[in-house]
Amino acid sequence: MSKDRKKVLGARLRAARVAARLSQDFVAETMGVTRQSVSAWETGCACPSALQLGQLAAAYCVCAHTLLFGEAFMPLRLRQMLSGRTNAIQESELMTRG
C-alpha cells in the first residue's frame, strides 16, 4: 500500500474512533495490541491486518469498506457488473477505486 493511501486509511481510522468516542488505549486493550500500534495505524505508519480491520470496523460500528474506500459498499453495482449489464465507464470507475 502506498504511503498516501496509508495516511488516508489512518485518517479514516482516527475519525471513526473519535466518532465512536473511544480512546486509543481502550481500542488497544480490547484488541490485544499496544496503544502505539493503534497510533501507528492512525498516522499511516503501519496498517492493521485484515482481521484487525474487521475488528476495528465492528468496534467503531462502521463498514470495513467505508474505512478502506471512504464510502459504504454498494452491492447494486457489484450485481450489475457481475451480470454484465454495466458499461465500460462504470467498470473503470470500480477498478480505479480499489
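Which residues does glutamine 24 touch, not counting residues up to four places away in sequence? In this predicted model, glutamine 24 touches Arg17, Arg35, Val38, Ser39 and Glu42, where contact means heavy atoms within 4.5 Å. Residues are numbered from 1 along each chain as its sequence is written, and side-chain values use heavy atoms, with hydrogens and water left out. Local features need pLDDT of at least 70 and side-chain atom pairs count only at pLDDT 80 or more, while totals for chains, interfaces and linings use all residues.

The protein chain holds 7 helices and 0 strands, with helices (H or I, at least four residues) and strands (E, at least two) taken as DSSP runs numbered from the N terminus. In order, its elements read α-α-α-α-α-α-α. Of the 98 residues in the chain, 22% are buried; buried means under 20% relative accessible area, exposed over 50%, and partly exposed in between (1.4 Å probe, protein chains only). Among contacts with a separation of 6 or more, 50% come from residues 24 or more positions apart.

Glutamine 24 belongs to helix H2 and counts as buried because its relative accessibility is 17%. Its side chain is joined to that of arginine 35 by a polar contact of 3.3 Å, that is, a pair of N or O atoms within 3.5 Å; within protein, one must be able to donate a hydrogen and the other to accept it, and residues adjacent in sequence count only if both atoms are side-chain atoms. The buried residues of H2 are Gln24, Val27, Ala28 and Met31. Seen down the axis of H2, these residues fall within an arc of 95 degrees and so line one face of the helix, the arc being that of the directions from the helix axis to the C-beta atoms. Exposed Glu29 and Thr30 sit on the face turned away from the buried side. The cover over the buried residues of H2 includes H1, H3 and H4. Just after H2, glycine 32 adopts a positive phi of about 75 degrees.

How do H1 and H4 meet? The axes of H1 (residues 3–19) and H4 (residues 50–60) come within 9 Å and cross at roughly 35 degrees; axes are lines fitted to C-alpha atoms, for helices over the stretch in contact, and angles run from 0 to 180 degrees between N-to-C directions. Leu13, Ala16 and Arg17 of H1 meet Leu53, Leu56 and Tyr60 of H4.

The largest nonpolar core has 14 residues, and those with the most contacts inside it are Leu13, Val27, Trp41, Leu56, Tyr60 and Leu67. Such a core is a set of buried Ala, Val, Leu, Ile, Met, Phe, Trp, Tyr and Cys residues joined through side-chain atoms within 4.5 Å. H1, H2 (24–31), H3 (35–43) and H4 each supply at least two residues of this core, and H4 gives the most, with 4 residues.

Two loop residues complete the picture. Arginine 21, in the loop between H1 and H2, has a positive phi of about 60 degrees although it is not a glycine, and is exposed, with a relative accessible area of 78%. Cysteine 61, in the loop between H4 and helix H5 (64–69), likewise has a positive phi, of about 55 degrees.
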